[in-house]
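This report describes the architecture of the structure shown below.

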Amino acid sequence: MQNKIAINKLNVFFGKEQALKDISFDVKNNEILTVIGPANSGKSTLLLAINRMIDRVSNAKVYGEIVIDGEQVSGIRDVENLRRKIGMVYAMPIPLPMSIRDNILFGARMKRMLKKKEENEMVESTLRASFLWDEVKDRLDSSGMKLSGGQQQRLCISRTLAVKPDVIMFDEPCSGLDPISTAKVEDAMKELKRDHAIILVTNNTKQAARVGDRTAFLLMGELVEIDDTNKIFTAPSRKKTEEYITGKFG
Amino acid sequence: MSTTSAVCALVFVIGFVLAGGFSHISWGFLTEPILDMGREGGILPAIVGTLLMVMVAVGIAAPLGIASAIYLSEYTVEGKLTQAIRFGINCLAGVPSIIFGLFGFILFVVMLGFGWSILSGGLSLAAMILPTIIRTAEEALRSVPSSYRDVAASLGGTRWQVVTRSVLPYALPGILTGVILGIGRSIEETAVVIFTAGSAVQMPTSLFDSARTMSVHFYILAREGISNDNAYATAAVLICTILVINITAYSLMHRLMRGRKTA
């Protein structure tokens with residue numbers, strides 16, 4: 001499999017506090033890379049650095065290399081294009097107070113005007129990809145805020161898909177969801193990896209074991225271990241990893 | 001208890017003025033020129049003067065104020081500079097209106113040579129209501145959840161798109177409230193207007209003409225003891241104008257909000 005993202009010696013500071021220390025790893029096409037670790041280990045910071053949303057944090061400083069498709073992320077001028085390329089789904093579902101249809105088209109419309117036909121196709125294909133189509137196809141014009149939590153999160157996935165990203169980053173997407181909704185989101189992720197590279201940050205080690213092809217373990221801003229998910233969960237090479245996944249801490 | 005007393009005071013004041021004024025209001029009073037310094041005739045020039053001056057004031061202060069609020073809340077990081085700006089705005093909000101009148105007289109009327117005119121009056125009123133508009137607009141912008149901004153930015157929105165598409169629509173009701181407050185303040189203002197727009201009784205034909213607003217007309221009628229009846233009638237028209245503007249603005253706002261929910 002081909003490398004989509006290569007991260008080399010990434011260091012991130014917020015003021016004087018170091019959030020990430022010398023992180024290096026790759027993300028491959030068509031894989032789900034899960035990032036696990038206790039709170040405050042820098043998982044979300046890692047995602048912010050990759051799509052440069054970290055630029056919006058005033059006291060953040062980023063050192064080291066993040067390369068996507070052979071291009072240095074730090075040197076990219078069209079940062080909007082980078083963010084379209086690397087989609088992001090947040091922990092809490094954030095539907096905007098508008099209809100389901102407008103929610104999905106929100107990002108796509110910021111890039112260019114769409115024809116009615118294009119819009120309809122986009123709404124249907126992205127809703128099918130997040131397994132939400134059958135549940136909402138008859139009420140596309142009702143508010144996105146009226147959906148259940150799990151449906152809202154899948155709506156957010158559709159909205160991200162509508163800007164046609166290559167990479168999708170999920171930041172603890174199921175932390176507020178019940179097991180059935182979680183299963184639906186996970187199913188969607190497994191389908192999506194056919195055409196995307198996926199980074200899944202999760203607090204839930206069981207989820208990492210279920211959907212991850214490879215798993216990275218972050219602790220206090222350091223990358224303790226990254227390997228095939230099976231290996232991490234059956235025979236981790238570092239003691240800290242074993243302690244974390246068996247629930248001794250975290 | 002305090003709510004009741006506030007409402008009672010409002011009803012009493014409005015009722016008192018309307019009761020004193022309504023009997024003297026006729027179609028002629030609204031459509032005729034001011035005659036004999038206000039003893040006879042109507043108040044049409046004052047109505048036109050009021051509307052023009054408020055339009056100039058709000059037309060300048062609203063875009064400027066909203067732009068400043070957007071700059072303060074969306075484009076800068078909290079620091080020494082923004083603190084200084086905010087301190088300045090708060091001081092400006094506390095300046096008595098007569099000072100704005102004097103300022104407008106010196107700058108617009110004398111130095112810039114606009115003379116006593118609707119333009120000078122409107123510009124001075126704009127300076128007076130600017131801090132109110134900035135403060136309320138900034139509050140409204142800040143109350144929009146930051147996650148809305150994150151979503152728009154993460155979907156590839158430019159900074160401007162983030163502001164116009166995911167912040168402004170949700171801050172609009174609050175921003176409009178500030179603008180309505182500004183309209184109210186500039187309609188009721190007398191001190192600023194006497195200093196900068198004069199008190200001509202003729203019908204204004206351009207922005208460079210001197211004119212009197214309804215407030216000024218009312219003030220002069222009552223103060224000089226010209227005609228108590230016409231003073232009351234003018235006050236009644238003034239109150240009705242403010243009521244109409246407020247009710248229209250709020251109903252527009254509600255329609256806007258309702259439209260968005262179903263959209």
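## A helix pair in chain A

At what angle do helix H3 (residues 100-111) of chain A and helix H4 (residues 116-129) of chain A pack, and how far apart are their axes? In this predicted model, the angle between H3(A) and H4(A) is about 105°, and the axes lie 10 Å apart. Angles of 65 to 115 degrees count as roughly perpendicular. The two helices, H3(A) and H4(A), are therefore roughly perpendicular to each other.

On the H3(A) side, the contact is formed by A:Arg101, A:Ile104, A:Leu105 and A:Ala108. H4(A) contributes A:Glu119, A:Met122, A:Val123 and A:Thr126. Sorted by class, the residues in the contact of H3(A) with H4(A) are five nonpolar, one polar and two charged.

## Chain A as a whole

Chain A contains 10 helices and 10 strands. Its C-alpha atoms occupy a box of roughly 55 × 40 × 35 Å along the principal axes. A compact globule of 250 residues would have a radius of gyration near 18 Å, and the value of 18 Å for chain A agrees with this.

Of the 250 residues in chain A, 46% are buried. Among contacts in chain A with a separation of 6 or more, 69% are between residues 24 or more positions apart.

## Chain B as a whole

The secondary structure of chain B consists of 11 helices and two strands. Read from the N terminus, the order of elements in chain B is α-α-β-β-α-α-α-α-α-α-α-α-α.

Buried residues account for 42% of the 263 residues in chain B. When contacts in chain B between residues at least 6 apart in sequence are considered, 73% join residues at least 24 apart.

## Helix H1 of chain B

Helix H1 (residues 2-22) of chain B comprises 21 residues. From its first C-alpha to its last, H1(B) reaches 29 Å, close to the 30 Å expected at 1.5 Å a residue.

Does H1(B) lie largely in the open or is it largely buried? A residue counts as buried if 20 or more other C-beta atoms lie within 10 Å of its own. Of the 21 residues of H1(B), two are buried, so the helix lies largely in the open.

## B:Leu125 and its surroundings

B:Leu125 belongs to helix H6 (residues 118-142) of chain B. This residue counts as buried because B:Leu125 has 32 C-beta neighbours inside 10 Å.

Leaving aside residues up to four places away in sequence, B:Leu125 touches B:Met53, B:Ala57, B:Ser186, B:Glu189 and B:Val192. B:Glu78 is 47 residues from B:Leu125 along the chain, and the C-alpha atoms of the two are separated by 29 Å.

## The contact between the chains

How many residues of each chain take part in the contact between chain B and chain A? The contact involves 15 residues of chain B and 21 residues of chain A. On the side of chain B that touches chain A, the elements giving two or more residues are helix H7 (146-154) and helix H8 (159-188) of chain B. H7(B) gives the most to this side, with five residues.

By class, the residues on the side of chain B that touches chain A are six nonpolar, seven polar and two charged.

Conventions: Residues are numbered from 1 along each chain as its sequence is written. Chains are lettered from A and ligands numbered from 1 in the order in which they are written. This is a predicted model: local features need pLDDT of at least 70, side-chain atom pairs count only at pLDDT 80 or more; totals for chains, interfaces and linings use all residues. Two residues are in contact if their C-beta atoms, placed from the backbone, lie within 7 Å. Helices (H or I, at least four residues) and strands (E, at least two) are DSSP runs, numbered from the N terminus. Ala, Val, Leu, Ile, Met, Phe, Trp, Tyr, Cys and Pro count as nonpolar, Asp, Glu, Lys and Arg as charged, and the others, Gly among them, as polar. Axes are lines fitted to C-alpha atoms, for helices over the stretch in contact, and angles run from 0 to 180 degrees between N-to-C directions. Angles under 35 degrees count as roughly parallel, over 145 as roughly antiparallel, 65 to 115 as roughly perpendicular and the rest as oblique. The expected span of a helix is 1.5 Å times one less than its number of residues. A residue is buried if 20 or more other C-beta atoms lie within 10 Å of its own, exposed if 12 or fewer, and partly exposed in between; C-beta atoms are placed from the backbone. The radius of gyration is taken over C-alpha atoms; the globule rule is 2.2 Å times the number of residues to the power 0.38.
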